[in-house]
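Please open the model in your viewer and keep the sequence panel beside it.

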Amino acid sequence: MSLHLDNINTLIELIDSGNKLALAPDYSGCAMKAVRYLINHKVRDLHLVGVPSIGFQGDMLIGSGCVSTVETAAVTIGEYGLAPRFTDAIKKGAVNIIDGTCPAIHAGLQAAEKGIPYMPVRGIIGSDLLKKREDWIIGNNPFDKEDSPLVMVKAIAPDVTLIHAPLADREGNVWIGVRREMMVMAHASKTTLVTYENLYEGNLLNDTNMAAGTISSLYISALALAKNGAWPVGLFGTYPADDTHLRLYIEMARTEDGFQNYLSQYVLDKEIKE
Amino acid sequence: MNIQFKPEELIISTIADMLEGLSHVAIGASSPIPGSAALLARAKSKGKLRVSMLGSEEHNAFTNGGTELFDCAAQGRIDAFFLGGGQIDGRANINLVGIGEYPRSKARFPGSFGSAYLYFLVPRVILFREEHTPRVLVPKVDFISAPGISAENIYRPGGPYALVTGRCVFIFNKKLGSFFLKSLHPGHTIEEVDEMTGFTYEKPINIPQTPKPSAATIELIRGLVADEVSETYPAFAERVFAN
């Protein structure tokens, strides 16, 4: 059984409108090329889950009208400033925002990974975040008879995780190194789609140096080769972000018209022709 | 001897002094000045201080992905962390979400990140915001991402320690639940700080000046620290440390 697909287009067809889609932050593994395909496919009503935050790919999907809900600890594009299309969508009420905090998102995914309904998390009590969340409740530590409140967050089981990784092998095992939040995402999701930078000759699981940082093909639904697949953001240990292009994006995405120009120049139909 | 230094260098040196004697400092997202301060403190500690910087490959020993920082903090393995805020109030509540009615904020910030958790668990949380104006330092934040103080039944080994701005240093008094002005940066006055601070705070009769960085400290900042921080914050390093 080969999980490998010939092209990214076929991979992206496995994402449907309305899916809960988990994505990684800019410093982790962003499948930017696949996201451009996704925009071309005109998917709608995505529920994005930033694990635990999202950057450029989130901003582009929101700006393209693919997103109805954003669940995240932050939408951040780091040193570049505020995420322009996200900020605009919030002002207009164009997306539903589910504000969270990093460890609660990790905990929700870990609960799904373990097949349990919720996970207790420290802190949070007294934060206004809690008032807006029906999927977070205050319980009491059952091992403590005293008043000992603790927040419990509901499990997060995404329909799809979409990531970009430095290496994958022919068996469909995917190497993510120390960026193990992507392993939790894959374990917690019903479907995991991966684009990868380079093919690893041999089996990643047979090399003990690589196996600890490898997501087993057990959790991988399909994958496709994508050279420079994280561009214009960087890929850890592989290449840095394209600073010039990201600045261009920020400049153009400041307005709705500018963003549409960006899409027509760099996204729409560009990748499909490959 | 009168040493020339940039405002950022004074803040980096001031924050680094607050980290003296600690074992492990973690740095979150979008924190070039705290990151520089931690790297300076590490250089001065002669290897005793460990720095874990989010987004760095060189200055980050976490091997368990995004969760390890939080697990580490909950176990008490992180001594200091930094938080900012689009708004900070006199009770040390911080707002990283937005201004005005939620959710359709008039001005939307990136989001709460790990603040609603780390503020409870890390013993020495240093609030840092370079902009010191009434729009940032407000009487009451519009949205509490993380509260400054908690009721006694809430598990909270951590919390606010100080607030460092471009004008001065405040220390947070946990018992009183309010800030105390510790020092004014060189070139800034109490009248100016009074006018530019939207919340009330305690102050001593004679207000000390924030100590200026020594020549040796400046040399460390412009050399080793500038080089180390540029891996994670190239734009910041270029802007502040390039001649």
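Select A:Leu162 and show its surroundings: apart from its neighbours within four places in sequence, A:Leu162 is in contact (heavy atoms within 4.5 Å) with A:Ile12, A:Ile15, A:Leu21, A:Ala22, A:Leu23, A:Ala31, A:Ala34, A:Val35 and A:Leu193. A nonpolar core here is a set of buried Ala, Val, Leu, Ile, Met, Phe, Trp, Tyr and Cys residues joined through side-chain atoms within 4.5 Å, where buried means under 20% relative accessible area, exposed means over 50%, and partly exposed lies in between (1.4 Å probe, protein chains only).

Before moving on, note that this is a predicted model, in which local features need pLDDT of at least 70 and side-chain atom pairs count only at pLDDT 80 or more, while totals for chains, interfaces and linings use all residues. Residues are numbered from 1 along each chain as its sequence is written, chains are lettered from A and ligands numbered from 1 in the order in which they are written, and side-chain values use heavy atoms, with hydrogens and water left out.

**Second stop: a sheet in chain A**

Next, colour S7, S9 and S8 of chain A, which form an open sheet of three strands in that order, with antiparallel pairing. Strand S7 (118-121) and strand S8 (136-140) stand at the edges with a single partner strand each, so one side of each is left without a neighbour in the sheet. The twist averages 40° from one strand to the next. H5(A) packs on the sheet and touches S7, S8 and S9 of chain A, its direction making about 145° with that of S7(A); axes are lines fitted to C-alpha atoms, for helices over the stretch in contact, and angles run from 0 to 180 degrees between N-to-C directions.

S7(A) and S9(A) pair in the antiparallel sense over four bridges, two strands being counted as paired if DSSP finds at least two bridges between them. To see one such position, select A:Met119, which stands opposite A:Val153 in S9(A).

Is helix H3 (residues 56-63) of chain A enclosed or open, and how many of its residues are buried? Eight of the eight are buried, so the helix is largely enclosed by the rest of the structure. These residues include A:Phe56, A:Gln57 and A:Asp59, and H3(A) is followed by A:Gly65, whose phi is positive, near 75°.

Select A:Asp159 and A:Lys190, whose side chains meet in a salt bridge at 3.3 Å, N to O. A:Asp159 lies in the loop between strand S9 (149-154) and strand S10 (160-169) of chain A, and A:Lys190 in the loop between helix H7 (181-188) and strand S12 (191-200) of chain A, so the pair ties together parts that are 31 residues apart in sequence. A:Asp159 is partly exposed at 22% relative accessibility, whereas A:Lys190 is exposed at 59%.

In chain B, select B:Glu131, which forms salt bridges with B:Arg129 at 3.2 Å and with B:Arg135 at 2.7 Å. B:Arg135 is exposed, with a relative accessible area of 60%, while B:Glu131 is partly exposed at 23%.

**Last stop: between the chains**

Finally, display both chains: 41 residues of chain A are in contact with 42 residues of chain B. The two chains bury about 3,400 Å² between them, 60% of it on carbon and sulfur atoms, buried area being the accessible area (1.4 Å probe) that two parts lose on being put together, summed over both. One salt bridge is counted between chain A and chain B; select B:Arg108 and A:Asp99 to see a salt bridge with its closest N and O atoms 2.8 Å apart.

Methods
Salt bridge = Lys/Arg side-chain N within 4 Å of Asp/Glu carboxyl O. Helix = DSSP H or I, 4+ residues; strand = E, 2+ residues; numbered from the N terminus.
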